[in-house]
Every structure is written in structure tokens, then in C-alpha cells.
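Please look through the sequence and the model shown below, and keep both at hand while reading the paragraphs that follow.

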Amino acid sequence: MKDRTIEATEGKISVLFVCLGNICRSPLAEGVFRSLVAKAGLQDHFVIRSAGTGGWHVGGPADERMRTTAQRYGVSLDDHGAYQIAEKDLETFEYVLVMDRRNLEDVRALDSAERHSEKIKLFRDFDPEPGDRQVPDPYYGGQEGFDAVYRMVDRTSRALLEHLLEEHRIRVDAT
Ligand code: 4NP
């Protein structure tokens, strides 16, 4: 099984994207955000991971339809191994960004002492066009659902990166 050990997050901006199965939406958010960070040359500033609230797909690859969709935009999800979120992840990560309200409820339930409420947020809270602030689950639908998810994840990831760079006062030198 893929090694999901998390390197030291000290001094880094750590982001965990969370959905239900960790095979469609959160692996896409991880891949898209990672690719934006790499393009900006900022990979050393970040620890970026994803997780599911459910354990059905643990150790398995990202959904084939999501992989193909991402690949079309130059984002590879081939290195993915699904992971189920655990309570300790709420200690490790500084931002826990969930895809829908069911995820929000499930992750909050893991935080029984309510010590991490501040860091658990809907990912689309950062979307400049937030709609209902959820990324819909494309799993049981058609290709148009995967395309729509790609567009909202891409748009939100760009805004999220800008927000985090501002919050952490990281400057990107224009080249
Ligand atoms: P995801 O989609 O939460 O975006 O990874 C799903 C994938 C699988 C299942 C549900 C949602 N499932 O029930 O197996």
C-alpha cells in the first residue's frame, strides 16, 4: 500500500482536502492545488494531502473518470492512494477543507472536543462564485458532472492559494 506518512508540517502551510470516498473530489483538489503550488515554485512551503470520511476505497486509486478529466488539464492523479481521515489529522493539518455539508458534519463529529472547529471549513468558502458552497459528488452521474467539478475545484484552488499566500505573507516573485 502507498506510504501515506506525513512529513513534518512545522513551518509549512498544511492543507487537507476531504470528501466522502477520497477517489473523486478531494484527490482532484489535492492534485489541482499541488500543481498550482508547483507552478508558483512554492512546493517547499506546503504539505498538501486528501482524505475521505469513508473507508470503502482505502489504498485504491482515484476514480478513472476523475483521472481522465484531470489529465485533460495536465493534472495527474496517478499517484493517488485513498486514505480515510483520522482524528489525529485534525491536529496535524492547519486547514481541513471539506467538499460538502455531509463531509462537514462527519469531520466535525471526529472533533469531539470541538478543539479544531476554526480550521474545518467548506472548500468553496474560498470560491469567488461560491453557489451553495458545496462541490457536488460526481460519482453516480455523467461526464458533465466531472467537468463541472473540475471547473469549480480549479477556480476555488486559485483563490485559495492567493488567500493562503496573503495570510502567510508569502510573496511570489513575478518572473
Ligand atoms: P468522492 O466520491 O467523495 O468525491 O470521492 C465518492 C466516491 C465513492 C463513493 C462515494 C462518493 N462511494 O460510495 O463509494
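In which hand does H2 pass H5? The crossing of H2 over H5 is right-handed, a term used when the near helix is turned clockwise from the far one by less than a right angle. The model is a predicted one, in which local features need pLDDT of at least 70 and side-chain atom pairs count only at pLDDT 80 or more, while totals for chains, interfaces and linings use all residues. Residues are numbered from 1 along each chain as its sequence is written, and side-chain values use heavy atoms, leaving out hydrogens and water.

Helix H2 (residues 64-72) packs against helix H5 (residues 143-167) at an angle of about 50°, the axes being 10 Å apart; helices are DSSP runs of H or I with at least four residues, and strands are runs of E with at least two. Axes are lines fitted to C-alpha atoms, for helices over the stretch in contact, with angles from 0 to 180 degrees between N-to-C directions. H2 and H5 are therefore oblique to each other, the class left over once angles under 35 degrees, over 145 and from 65 to 115 are set aside. Contact (heavy atoms within 4.5 Å) involves, among others, Met-66 and Ala-70 of H2 and Phe-146 and Val-149 of H5.

Turning to the sheet, four strands in the order S2-S1-S3-S4 form an open sheet with parallel pairing, where pairing requires at least two DSSP bridges between two strands. Its edges are strand S2 (46-52) and strand S4 (120-122), each of which pairs on one side only. Strand S3 (residues 95-98) joins S4 in the parallel sense over three bridges, and Leu-97 stands opposite Lys-121 in S4.
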